Amino acid sequence: MNTTRTETDSFGPIEVPRIPTGGADRALDRELPVWPREQMPLEIVHALGFIKQAASRVNARIGGLDPQIAEAVQQAAAEVARGDLDSQFPLVIWQTGSGTQSNMNANEVIAGRANEKLTGNRGGKEPVHPNDHVNKSQSSNDSFPTALHVSAARAVNRRLLPALRMMHDRLAEQSKRWAGIVKIGRTHLQDATPLTLGQEFSGYAQQIADNIERVQGVMPRIYRLAQGGTAVGTGLNTPSGFAEAFAKEIANLTQLPFTSAPNKFAELAAHDTMVELSGVLNTIAVSLTKIANDIRLLGSGPRSGLGELKLPENEPGSSIMPGKVNPTQAEMLTMVAAQVMGNHVAVTVGGLQGHLELNVFKPLIGANVIRSINLLSTGMESFTLRTLDGLEPDEKRIGEHMNRSLMLVTALAPEIGYDNAAAIAKHAHKNGQTLKEAGLELGLVDEETFDRVVKPERMIG
């Protein structure tokens, strides 16, 4: 039985599912990225799986945990870390500020699964107990902040840095490819002196390169883990050497360079490093807004705007104006950036809630950092693939704009003086003349000097 039907839009025919109902735009929407969900981020759940797995290994060696129980716990925790048991974690972000409910959710799911492995019956507290065995040598107060750092580190390495590098590579390649296209610059949204399109794009590439460095700069502190501090940072109920052994185990499991934080009191009571990472994400959002806005301005039109860039046509832009195509990916990316900025405000407020020995906004901080990483990563991937990859310059339009610009007169200022050059520009603008026509009419420059000096390709540095 045919499960699709053919719908059409201004781009042509497209196959859409027969059920549910919907047209071509719905099918196009189905091809767009899937955005993060609203429950406790699964990245944090998976991090708790790694934590329980690493703790069980250490407890089996130095904590007195029965080897058979430890092995069952490790196997069950590995399933959580892999995402095999995601459906067993329904809790929302809005819970106790230490993340105790999510920590206990992990303890209970792992204990229940371990019991199933050992006895054939899932659930219960025998022979594996969620607190006595799965949570051994731990507290929610150190496990949950550890999960925040582990989840953030994995998300940065698996998603954020690859997305940043992909976007940087595209921009850097375009900068080189368009190095020979001379265009008019603009400051204050007004004509300025010339530059090349490659130079313009080199600025965008450098912004992203700087953001990669910013992310890498905060990571050594993200790699420091709170585990081993237990309730208030003293390490009560942990065997000697647990914190250091745990860090080595989770580094091995995740293949990331985690270490034991030198001061557990700071890691439980404050989350300054998570606020710092969020600040870097906020900076990335600012950079992306600048880049996306510039590209949609340069692509505005196509006939009544600047029109210097030809934007890819991703979907129809209007329900009433046939043939209209909008810069949807630029709009998407700037909306993503706005949300990330809002998330950073929430993380900042969360960072303020470290009273005495415990910060009690841990779920909010962790969830918003992960949300921001996912939003930025998905947004950059989509913008790179759906805008940058198909972006092309309109060299004819670029040339027209440059040749009409009054600011080419800047090259004359050292020859004839600032005031005379300004008089030429104003006269040309008032009378609809070229700079050369105005200069000759005013008698402020001769033809040989003008032709020798006013050469856009020699004004680009």
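**Pocket and cavity**

Modeller: The largest pocket has a lining of 17 residues, and those nearest its centre are Gly299, Ser300, Gly301, Pro302 and Val325. Here a pocket is an open set of points on a 1 Å grid over the protein atoms alone, with protein on both sides within 12 Å along at least five of seven lines, and a lining residue has an atom within 4 Å of a point. This is a predicted model, in which local features need pLDDT of at least 70 and side-chain atom pairs count only at pLDDT 80 or more, while totals for chains, interfaces and linings use all residues. Residues are numbered from 1 along each chain as its sequence is written, and side-chain values use heavy atoms, without hydrogens or water.

The largest pocket holds about 450 Å³ of space, a volume being what probe spheres set on the points fill, with points joined across faces, edges and corners. Its lining divides into 6 nonpolar, 6 polar and 5 charged residues (Ala, Val, Leu, Ile, Met, Phe, Trp, Tyr, Cys and Pro are nonpolar; Asp, Glu, Lys and Arg charged; the others, Gly among them, polar).

The structure also has 1 cavity of 30 Å³ or more, that is, points where a 1.4 Å probe fits but cannot get out. The largest cavity has about 60 Å³ of space. Among the residues lining it are Ile295, Leu311, Asn326, Phe383 and Arg386. Helix 11 (328–351) and helix 12 (362–386) each give at least two lining residues; helices are DSSP runs (H or I, at least four residues) numbered from the N terminus. Helix 11 has the largest share, 3 residues. By class, the cavity lining has 6 nonpolar, 5 polar and 1 charged residues.
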